[in-house]
Amino acid sequence: MGEDAESPKINHTFLRDYVTEADVISTVEFNQTGDLLATGDKGGRVVIFQRETEVYSGEYNVYSTFQSHEPDFDYLKSLEIEEKINKIRWLPQQNAAHFLLSTNDKTIKLWKVSERDKRPEGYNLKDEEGRIKDVSTITSLQVPILKPTDLMVEVRPRRVFANGHTYHVNSISVNSDGETYLSADDLRINMWHLGITDRSFNIVDIKPANMEDLTEVITAAEFHPHHCHLFVYSSSKGSLRLCDMRASALCDKHAKLYEEPEDPGSRSFFSEIISSVSDVKFSHSGRYMLTRDYLTAKVWDLHMDKGPVETYQVHEYLRSKLCSLYENDCIFDKFECVWNSSDSVIMTGAYNSFFRMFDRETGRGVTLEAWRESSKPRAVLRTRRVYTGGKRRRGDVGVDSLDFTKKILHMAWHPAENIIAIAATNNLYIFQDRVNPDAQTQ
Amino acid sequence: MNCFPLTFFFLDKPIDRPETLSFTLISISLMKIHNSRTQRGGIKLHKNLLVSYVLRNARQVYIKEKYAEIYRMQQYEEVMTVCNEIQELNPLELDAEDTEDEDLTRTEPEPVYYRSCCMEAPLPSPCDQLPDCCCDAFQCAQSAQSPAKKRKMDFGYCASDLDDFTTSRKRLKREDCLYSCQDFTDTSNISNLISIFGSGFSGLLSRQADLEQICSKQALAGLGAWTRAIVAF
């Protein structure tokens, strides 16, 4: 599919081979209309982009930036708490203001993003500069009037949901009821009310009585897009558990367990690592789930728990490199995966600034590259190929030439249009499909 | 995280000796666990759990391969001994030797295949044929590399009698070298790490059945201390 590239909006100055750790983008999320795009980075900052509304297919410009989380310290355990933003989730918009949840390893915060384009003028007790007037000089009363002013975007923390998690928070998900959300760490999932910060309900607890018996952890969790009582969580063993909150208060017992039997012929030292699910996403329809493990992306039908209905090989050529990838820690990279708005295409990231899209109808995949040299404005992204044998074409990249430091872990797809946001280390790329700008329902 | 750029693709080249790969993976895994203690943000439970799986897998392969090697060596030695004796003896006494040979031959259990990431390593499990030799066998394995001297590689396996077992546990706790130190810069902290991580990871030992085929219970008890994993919370 042909796509045009829009120029990257941040970090135009290219730091040659050195990237400030704090600038590395750690999460990307569109809001429900797609007009706003939020990114979080390792330095605890959130940058919000807004789409130009006057122009059709407008570009995204920086709307607001704020420091969401600061480095913290757990004095009891003598542990430093990273300020890295693990996830951002937007709340459905209910009024003029926008709300988003951002989380680091321990604390979730609710932020209100509002615009101010008017200011009151004509105070009785203060002058124009804000200085208190001498009361004796006031001879008459006036009603302050609102005058237009330059647009100001204010971001204020409205709630801080702290001390809910002993382990590292990996997911947050807003419920379709608009009132609650869940947060998941390695061993527990809590449910919060957006208005209540001093308590949460624990709905899943897989911590064994004896930690020596630990065999799996929770890796991701998400509420169903339509059914407010259903949520799914994935595990490090590659299984998915669908839970129904109507069944009981504590959803340790799953309503449905989705797992694929292991192929004994492909067993290796790293079988457990590569089967760990790094991300799970419900389709917009709510009928399917998309999971990502180290080498594949899988589509699961909620009605079928025996195995995925579709499996896509993202970078199978890495299977023979697992030892090295284990040594340099790349095997622990957690790739995200996303659906397009019509659930007909899935997308996920890879190495060497490559990301892959798979058309579910044809089963075919395409490899694209998020790299500034090939991303001039209006340029069409050309497809790339990793050479794995056979006839070598010009432009093919050898497996040993892949740059494993350039990894595409985080990405987002516009909820209604064919616009994608790709985070490549400290750069954000926003691409739009010029051929098919609007999503087509199939 | 520590990177090993010089060995980026080293491990994926074919390796002649399978136990080298599993041994390397064991040392890398322990190093990762050790490094995670000083990482910013605290110990990552998920990552360390996965590392402990690799550790367990590598250990299983390493033990099996070692025993296979020992078994082969022992068979060779016995064959050579018999041959030497035959040369010296009257041919009429050969029946007695044959009987001894039969005792040594036992039905092999079904081989347990364990493919490394880059090569297959089908292995027999001869260990139930050598029920009380795990420690001796292990020491043989060490001595195979340097026959003259006893290496200081102590996994705490030695459990041929209770005293040895206790002694080896104490050695572990006293932060002696776990390995021959070529892969560690701070081995005292490694063994310290293992003992801090505490007792048992029986949840991972769902493959306990495999292990019990391989090792005697005594040796397994000694192994347990070494295979303990992440209980730091």
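Q: In which strand is Glu310(A) found?
A: Strands are DSSP runs (E, at least two residues; numbered from the N terminus). Glu310(A) lies in strand 23 (residues 310-313) of chain A. This is a predicted model: local features need pLDDT of at least 70, side-chain atom pairs count only at pLDDT 80 or more, and totals for chains, interfaces and linings use all residues. Residues are numbered from 1 along each chain as its sequence is written, chains are lettered from A and ligands numbered from 1 in the order in which they are written, and side-chain values use heavy atoms, with hydrogens and water left out.

Q: Is Glu310(A) buried or exposed?
A: Buried means under 20% relative accessible area, exposed over 50%, partly exposed in between (1.4 Å probe, protein chains only). Glu310(A) has a relative accessible area of 19%, so it is buried.

Q: Which residues is Glu310(A) in contact with, leaving aside its neighbours within four places in sequence?
A: Contact means heavy atoms within 4.5 Å. With those neighbours left aside, Glu310(A) is in contact with Ala297(A), Lys298(A), Val299(A) and Arg360(A). The side chains of Glu310(A) and Arg360(A) are also joined by a polar contact of 2.9 Å (a pair of N or O atoms within 3.5 Å; within protein, one must be able to donate a hydrogen and the other to accept it, and residues adjacent in sequence count only if both atoms are side-chain atoms). Another polar contact, of 2.5 Å, links the side chain of Glu310(A) to that of Tyr312(A).

Terms used:
Helices (H or I, at least four residues) and strands (E, at least two) are DSSP runs, numbered from the N terminus.
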